[in-house]
Amino acid sequence: MFGKKFTFTRSASPALSFIAEGTKLTGNMEFTGDVLIGGEVQGQILSQANVIVERTGKLHSEVKCRELIIDGYFKGRLICERLVIQGHGIVDGDVACTSMQINEGGQFIGLRIKEDHQTIHAHPLPSPGSANVLLSTSASIVQESQD
C-alpha cells in the first residue's frame, strides 16, 4: 500500500479560453478548447471546440468551429456544425452549418448554406495571405487610452 506510486494525469479536455469585456483582439487565433468571448475580436478564429459569445461580445470575423452560441453580435463568415442564436444574438453574414437554432428575439441577417458534417470539415478558411483577409497575421491586444 505505501510502496505504490500514484500519478495524476491532467484531464484530456483542453482549458477554456476567455476574452473579457473591454478586451480587443485583432488577428488570427487558434483554440483547441472552448472560447468564451465578452470583448471584441477581429480576424480569424479556428476552434476545435465551441465558441460562445456573451451579450457584450462582438465578432467581426471568419470563424470555423464545432458550435457557435451567440448572445452578442457576429458579422462575417461562419463555418460550423451547429449555430445557436440566443435572444439578444445577432448574426450578420454567410453561414455554412449542419443545424441552426434561432431563439425568440435572436436575429439572422444573411445567407445560410445547409451542409453535412463531411462538407463542413472540408471547408477551409482563406489563408492570411489571400486578398479577402485585411487583418494582421498574429493576435495583438489593442488598448485605447482614455483622455
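**Close-up views of a predicted model**

**View 1. Glu62 meets Gln44.** The side chains of E62 and Q44 make a polar contact at 3.1 Å (a pair of N or O atoms within 3.5 Å, where one must be able to donate a hydrogen and the other to accept it; residues adjacent in sequence count only if both atoms are side-chain atoms). This is a predicted model, in which local features need pLDDT of at least 70, side-chain atom pairs count only at pLDDT 80 or more, and totals for chains, interfaces and linings use all residues. Residues are numbered from 1 along each chain as its sequence is written, and side-chain values use heavy atoms, with hydrogens and water left out.

View 2. E62 belongs to strand β6 (strands are DSSP runs of E, at least two residues, numbered from the N terminus). E62 is buried (under 20% relative accessible area, 1.4 Å probe, protein chains only). E62 has no salt bridge (a side-chain nitrogen of Lys or Arg within 4 Å of a carboxyl oxygen of Asp or Glu); the nearest side chain of opposite charge, R77, lies 4.3 Å away.

**View 3. Strand β4 and its partners.** β4 (residues 40-47) pairs in the parallel sense with β2 (residues 24-31) over 8 bridges (pairing needs at least two bridges found by DSSP). Here Q44 is the bridge partner of N28. β4 also runs parallel to β6 (residues 58-70), joined by 7 bridges, and G43 stands opposite S61.

**View 4. Around Leu78.** Leaving aside residues up to four places away in sequence, L78 touches V63, C65, L68, L83, D94, V95 and A96 (contact means heavy atoms within 4.5 Å).

Terms used
Helices (H or I, at least four residues) and strands (E, at least two) are DSSP runs, numbered from the N terminus. Buried means under 20% relative accessible area, exposed over 50%, partly exposed in between (1.4 Å probe, protein chains only). Lys and Arg count as positive and Asp and Glu as negative; His and the chain ends are not counted.
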